Amino acid sequence: LDKNSLKMNNKTTNSVPGIVIPDSKSEFIRALIMGGLIAKLTKREFTITYHTELCSDVQAAIRAVQSLGTSVIVDPMHRVVHIDACKDNASNEIYCGESATILRMFRGLDCTGCLPGNPSSVHFIKTGTLQNRQLSVPHQPTLGSLKSFYELVDNEFGCAYHSLNSSTSSQDISGIMIGMFYRIARFFLHEQAVLSKPLKSTKITFSIENPVSMPYLDLTLDMCQEFFGITFTKSIEANLTRTRLEIVINLHEPSLINHYEVHGCYSSVAPLLVTSIITGRRFIGYNLPRNDAPDQEILRLPELSHIDVSEPTISGVQFIPRQSKPVNKFVEFDLNVCPDLFPYLCLYGAYVNPIFISNTNRLTNKETNRLLEMQKVFSTFDHNIKELEDGMVFIKPTKLLKINNRIIQLPNDHRIAQVIQIILNLHRLNGIISLYSTLTIEEVCAKSNPTFVKDLNKLFYE
């Protein structure tokens with residue numbers, strides 16, 4: 001790769017590509033679910049402002065939210081989603097599309113009794129397979145007891161304590177959290193107004209043993225507080241053998257919002273940031289992510305640590321990678337913060353600086369086994385992901401040997417597909433490497449970012 005041919009002329013601002021950072025699908029999906037529940041509760045419209053094309057996971061979430069008994073109308077001209085209550089639209093079938101995230105979050109909602117229909121009639125439909133309510137909640141004991149949760153709600157939030165097990169996914173727990181806040185809001189606005197009974201307790205306390213994907217649980221809690229206006233406190237107790245997260249929700253009258261704006265996502269801009277480090281090209285980003293976004297840890301990479309995204313301007317923020325020699329020592333990164341960044345960190349290690357990545361054991365629970373699939377992809381391009389002890393891997397820069405009619409299996413994983421396209425662009429290999437797949441890279445990337453290939457080409461060629 002000839003970096004000189006891609007370097008920017010700093011005096012020519014017109015040549016800096018402007019890229020709208022895609023909306024965070026994690027944030028968007030939670031906003032749709034909570035907005036749908038609030039619309040049902042208040043019988044008033046809830047609106048969501050977005051900034052980019054709707055990815056396939058968000059489209060799946062829209063259809064699932066419609067099953068709650070809501071009307072969801074997308075206005076692409078003004079980039080607004082309108083959600084209204086619709087009495088005749090409730091369904092016993094929750095359509096989750098091909099999204100495991102939607103399936104898990106809705107089965108979490110199911111545990112809290114927030115879905116329409118009776119417990120024996122609701123079904124989840126994912127990729128054409130009918131999964132009944134009982135089978136779709138394989139870890140029922142992790143709630144302590146579903147019966148005890150229903151008793152908690154039916155007894156006006158009496159003193160109760162719930163312990164969630166680490167075998168429950170973060171999406172399940174996110175659904176449970178959303179359901180709990182919604183049930184509290186519904187109680188104050190409906191049940192208590194009718195019953196006029198005093199609460200047996202002023203708080204609900206539950207804990208999570210050895211939680212995973214803590215940043216996403218924090219995102220869910222923060223959004224629940226913003227949407228429902230119900231406060232909480234949390235504490236973390238950690239020792240050598242376990243971690244315990246305790247959450248105490250304060251029982252008080254809710255303060256519901258009726259509009260939300262979705263922010264950008266660092267795990268969507270991360271492949272562009274790593275590409276800018278490799279090529280030396282800067283770009284302007286619009287629709288910046290939240291400052292507390294789970295995946296903003298990508299900015300810990302040495303070449304990005306100088307970027308200040310806390311004070312965005314109306315013209316966006318320029319992402320300018322450092323024009324310096326590679327660091328002489330390796331970089332370390334803990335995947336516990338955000339496993340979604342793994343493919344991009346591998347790309348950084350193969351083309352910029354040696355990197356140690358720890359806690360890769362969680363990669364088996366993504367769309368694919370990301371560690372295994374990334375090893376397959378990198379072997380095609382003569383890069384190596386070396387596995388060490390205790391879930392750690394090591395990647396260092398290597399030269400790409402001469403390509404000669406190689407075939408690569410394109411996994412159905414949007415983040416790995418992004419890395420493949422970056423490598424193809426870096427070495428001008430489009431049309432030389434054969435992709436063994438019924439899907440295109442653009443179709444796979446559409447799960448989170450339908451405009452990725454177009455944005456990447458801006459960074460390379462504009």
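The entries below go from the conventions to the strands, then to the core, the helices and a loop.

**Conventions.** I am working with a predicted model, in which local features need pLDDT of at least 70 and side-chain atom pairs count only at pLDDT 80 or more, while totals for chains, interfaces and linings use all residues. Residues are numbered from 1 along each chain as its sequence is written, and side-chain values use heavy atoms, with hydrogens and water left out.

I took helices (H or I, at least four residues) and strands (E, at least two) as DSSP runs numbered from the N terminus. I read burial as relative accessible area with a 1.4 Å probe and protein chains only: buried is under 20%, exposed is over 50%, and partly exposed lies in between. For partners I counted two strands as paired if DSSP finds at least two bridges between them. E2 pairs in the antiparallel sense with strand E4 (residues 80-85) over four bridges, and in the parallel sense with strand E12 (residues 259-261) over three bridges. I then checked threonine 49, which stands opposite valine 80 in E4 and opposite glutamate 261 in E12.

**Strands E3 and E4.** Strand E3 (residues 70-75) runs antiparallel to E4, and six bridges join them. I noted that valine 81 in E4 has isoleucine 48 opposite it and also valine 74. E3 and E4 form a hairpin with four residues between them, and in the turn arginine 79 has a positive phi of about 55 degrees.

**Threonine 70.** I looked up threonine 70, found in strand E3, and it counts as buried because its relative accessible area is 0%. Its side chain reaches the backbone oxygen of valine 65 at 2.9 Å.

**The sheet with E1.** I traced an open sheet of three strands in the order E1-E13-E14, with mixed pairing. Its edge strands are E1 (18-20) and E14 (317-319), each of which pairs on one side only, and the twist averages 35 degrees from one strand to the next. E1 and strand E13 (residues 283-286) pair in the parallel sense over three bridges, with isoleucine 284 in E13 as the bridge partner of glycine 18.

**Nonpolar core.** I used the set of buried Ala, Val, Leu, Ile, Met, Phe, Trp, Tyr and Cys residues joined through side-chain atoms within 4.5 Å. The largest such core has 128 residues, of which Leu32, Phe106, Phe228, Ile298 and Phe378 touch the most other members. Helix H5 (residues 170-195) gives the most to this core, with eleven residues.

**Helices H7 and H12.** Axes here are lines fitted to C-alpha atoms, for helices over the stretch in contact, and angles run from 0 to 180 degrees between N-to-C directions. Helix H7 (residues 266-279) and H12 pack at an angle of about 20 degrees, with their axes 11 Å apart.

**Threonine 451.** My last entry is threonine 451, in the loop between helix H11 (441-445) and helix H12 (452-461), which counts as buried because its relative accessibility is 11%.

Definitions and conventions:
A polar contact is a pair of N or O atoms within 3.5 Å; within protein, one must be able to donate a hydrogen and the other to accept it, and residues adjacent in sequence count only if both atoms are side-chain atoms.
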